[in-house]
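Please read it alongside the sequence and the coordinates.

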Amino acid sequence: MLTVRVVKIGGNELDQPAWVAKCARALKGVGPAVVVHGGGEAVSTWSRRLGLPVEKRDGLRVTTPEIAQVVEMVLGGPMNRLLVSALRAAGLDAIGLSGVDGGLLTAQPLQNGELGEVGEIVNVRASLLQSLLLAGLTPVVAPVAPSLTAPIRPLNVNADQAAAAIAAALGAHELLFVSDVPGVTIDGATQPTLAAGEIAPMIDGGVATGGMAAKLRAAAQALEAGVRAVRIGDLDMLEHATAGTRLLAAPPAVQPA
């Protein structure tokens with residue numbers, strides 16, 4: 001049984017080739033890993049070029065059918081190829097996938113429908129990822145997934161949530177959310193640890209907003225699904241086991257005697 005890590009890569013540095021190259025070199029020392037990537041800045045850039053609105057709510061993109069096509073094009077195209085190329089240049093045998101490929105991911109639209117063509121993962125074909133990992137490949141996953149029900153269409157899936165679902169399906173040893181921030185900060189101080197029970201109050205109280213709130217929600221989801229360890233931070237996490245903010249699962253409920 002492979003000891004697998006799932007590494008979600010995102011943040012504003014994702015369009016900086018030097019940062020991506022440094023990330024790729026660091027990933028070489030991580031061991032078997034599945035990489036899930038975002039690319040929100042690139043999607044926003046292309047949306048503006050095409051005269052489409054850029055709107056987010058609670059860190060999630062409002063996705064019209066036209067923007068869903070942009071998401072599929074950008075994440076499954078140039079962003080995925082950028083990371084695959086960088087990883088291969090660093091010596092990893094990377095292969096690019098979107099959620100559509102091989103039925104890797106399946107999603108259902110969010111129930112309230114306020115965000116448009118946005119979905120949440122309901123199924124991960126873990127056996128496909130395991131086969132690629134056993135063959136020595138590093139899967140690089142773009143978080144676009146076909147809808148579960150008709151009409152079948154690509155849904156924009158938050159990359160943090162996709163990474164959490166993949167980590168849970170694989171029984172990952174660790175889930176790392178890598179970006180350009182050193183961890184979760186409270187009053188300007190990076191927290192070494194954070195309990196799962198603190199996440200909802202931080203979001204409700206406005207301490208964690210936007211993209212960080214989305215990461216924390218996904219981290220809580222992963223811990224609840226049985227992922228053993230979750231950290232949020234920067235590239236240092238790929239080289240140091242204590243870097244970043246470690247999220248601690250809620251203790252099991254005590255059964256009455």
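The lining of the largest pocket receives at least two residues from each of helix 2 (40-49), strand 4 (60-61), helix 3, strand 10 (154-157), helix 5 (159-170) and helix 7 (210-224). Helices (H or I, at least four residues) and strands (E, at least two) are DSSP runs numbered from the N terminus. The model is predicted: local features need pLDDT of at least 70, side-chain atom pairs count only at pLDDT 80 or more, and totals for chains, interfaces and linings use all residues. Residues are numbered from 1 along each chain as its sequence is written, and side-chain values use heavy atoms, with hydrogens and water left out.

Helix 7 supplies the largest share of this lining, five residues. The largest pocket has 30 lining residues, and Lys-8, Gly-40, Lys-56, Gly-59 and Asn-158 are the closest to its centre. The search ran on a 1 Å grid over the protein atoms alone: a pocket is an open set of points with protein on both sides within 12 Å along at least five of seven lines, a cavity is a set where a 1.4 Å probe fits but cannot get out, and lining residues have an atom within 4 Å of a point. Grid points are joined across faces, edges and corners, and a volume is the space filled by probe spheres set on the points.

The second largest pocket is lined by 16 residues, with Asp-58, Leu-60, Leu-110, Leu-115 and Arg-217 nearest its centre. Strand 7 (118-124) and helix 7 are the elements that give two or more residues to the lining of this second largest pocket.

One cavity of 30 Å³ or more is present. Gly-11, Asn-12, Leu-14, Asp-15, Gly-39, Gly-40, Glu-41, Ala-42 and Met-79 line the largest cavity, and helix 2 gives the most to that lining, three residues.

The table lists volumes and lining classes. Ala, Val, Leu, Ile, Met, Phe, Trp, Tyr, Cys and Pro count as nonpolar, Asp, Glu, Lys and Arg as charged, and the others, Gly among them, as polar.

| Space | Volume | Lining classes |
|---|---|---|
| Largest pocket | about 650 Å³ | 11 nonpolar, 12 polar, seven charged residues |
| Second largest pocket | about 390 Å³ | six nonpolar, five polar, five charged residues |
| Largest cavity | about 40 Å³ | three nonpolar, four polar, two charged residues |

Eight strands form an open sheet in the order 5-8-2-1-11-15-16-14, with mixed pairing; two strands pair if DSSP finds at least two bridges between them. Strand 5 (94-98) and strand 14 (193-195) are at the edges with a single partner strand each, so one side of each has no neighbour in the sheet. From one strand to the next the twist averages 20 degrees. Strand 14 pairs with strand 16 (residues 245-248) in the parallel sense over three bridges, and Ala-195 has Leu-248 in strand 16 as its bridge partner.

Helix 3 (residues 65-89) lies across strand 1 (5-9), strand 2 (33-37), strand 5 and strand 8 (138-142), at about 160 degrees to strand 8. Angles run from 0 to 180 degrees between N-to-C directions, with axes fitted to C-alpha atoms, for helices over the stretch in contact. Helix 4 (residues 126-134) packs on the sheet and touches strand 2, strand 5 and strand 8, its direction making about 145 degrees with that of strand 8; contact means heavy atoms within 4.5 Å.
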